[in-house]
Amino acid sequence: FFHLRHGIDRAVVDELFDTGRAFFALPEEDKRAIEMTHSPHFRGWTRLGGELTQGQVDYREQIDIGPEMPERTVVDPPYLRLDGPNQWPAALPQLRTVIEAWTERLGIIGRRLMSQWALALGAPADHFDATFDDASTLLKIVRYPGTVETSQGVGDHKDPGFLTLLLIEPGQGGLQVQTDDGWIDVPPTDDCFVVNIGELMEAVTDGYLRATSHRVTAPAVGTERLSIPFFFNPGLAAEVPVVPLRPEYAERARGVTQDASNVISARYGDNLLKARLRAHPDVAARHHARVARDGASLRLTVDGTQQRWTVVRSRDPKASDTFWVAGDGGTWDLRLLPLIDSRIHDAGAADGQILSPMPGSVIACFVSDGDEVTAGQNILAVEAMKMEHSLTAPIDGVVRVHVGTGEQVPADH
């Protein structure tokens, strides 16, 4: 993290914050018309308390805006579905004008910073240029209201991409950064961005630069705080080239953080989809129920024996919806739906423990001979808030899911 004096005219900044306040002041029905749950691209308004970090509710509302693009006809790999159109409030048409001008302005700053970063690390100034030809930017306007219910404005997290330029409302605190000595406050500094690097920068510098954990505390009751982060990142499908570090930096590179609950990819689309599915399980359940994450851990009881299993994406390019489940009992071709809740992905990952599925979670599978399972032949509802699930393969070939007490859940439940 560091402060960067931006030199942008104060009138431009004031207009941006005023427009943000005007949006949040709209009647609820106007905001609900563009609620994020309508968008498979995770664009639009998120209601107060409608987002999760580390499985805990964030006390904030926001609008998410990305590059304006048409719907894709091909969404393989699944992260390509994150590209698409925005949702704009009909009651506030000036929002689009103000945001698009701000995004263009910050894109120029982002490219300048990436060029200078490349030079400082030991690479040519144009090292990242091709990667950002089709930059996948994201802008949020966020409102943190004061509350006595929680201290969490947004929980401890790392940004999934490259570079964040955060504009904080003048005079407002609440942002904290984790250091080796604990959490410290980031003092508000007028006419500056707070600049943060994300997980992708860590990946391409082999851990020399580290993605920083940060969080926001809720403001005092009766007050509110606005912030406007701009995330400058490469295209979803781009694989960012590793930086040839100066020798003195390479010696100090510690490698990419190894965390089974948060695998860092060198492809931005993988990182962004991971973050979006965790933060917005309602959107994920509605639009991305056929997405399972590589490396998701399960503990299943098969034929009376508890075994650990890991979801691994099929290497067959024609089977993009197929995930192999490998474990002590062999390898099954099993399609798991939706495996999208962060509690499923991450909690207890060290020992493979699966916690509670989301209400309405389903497993779709079919047994052909007791060993091979293929996708999509039967859909069985799984009750929420149970710890273990038992799979059996009866003679008729249908996998039935036993929940908790061992009672059978009918296929049409």
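Helices (H or I, at least four residues) and strands (E, at least two) are DSSP runs, numbered from the N terminus. This is a predicted model, in which local features need pLDDT of at least 70, side-chain atom pairs count only at pLDDT 80 or more, and totals for chains, interfaces and linings use all residues. Residues are numbered from 1 along each chain as its sequence is written, and side-chain values use heavy atoms, with hydrogens and water left out.

Q: Where does Asn-233 lie?
A: Asn-233 belongs to the loop between β13 (224-232) and α5 (247-250).

Q: Why is Asn-233 called buried?
A: Buried means under 20% relative accessible area (1.4 Å probe, protein chains only), with exposed over 50% and partly exposed in between. Asn-233 has a relative accessible area of 2%, and is therefore buried.

Q: Which residues of α1 are buried?
A: In α1 they are Val-13, Leu-16, Phe-17, Thr-19, Gly-20, Phe-23 and Phe-24. They lie on the same side of α1 because they cover an arc of only 155° around the axis, taken from the directions from the helix axis to the C-beta atoms.

Q: What is the mean pLDDT of the protein chain?
A: The mean is 74, and 69% of the residues reach 70 or more, where pLDDT is the predictor's confidence in each residue, from 0 to 100. Over residues 292-413 the pLDDT is below 50. Where pLDDT is low, the predicted coordinates should not be read in detail.

How values were computed:
Contact means heavy atoms within 4.5 Å.
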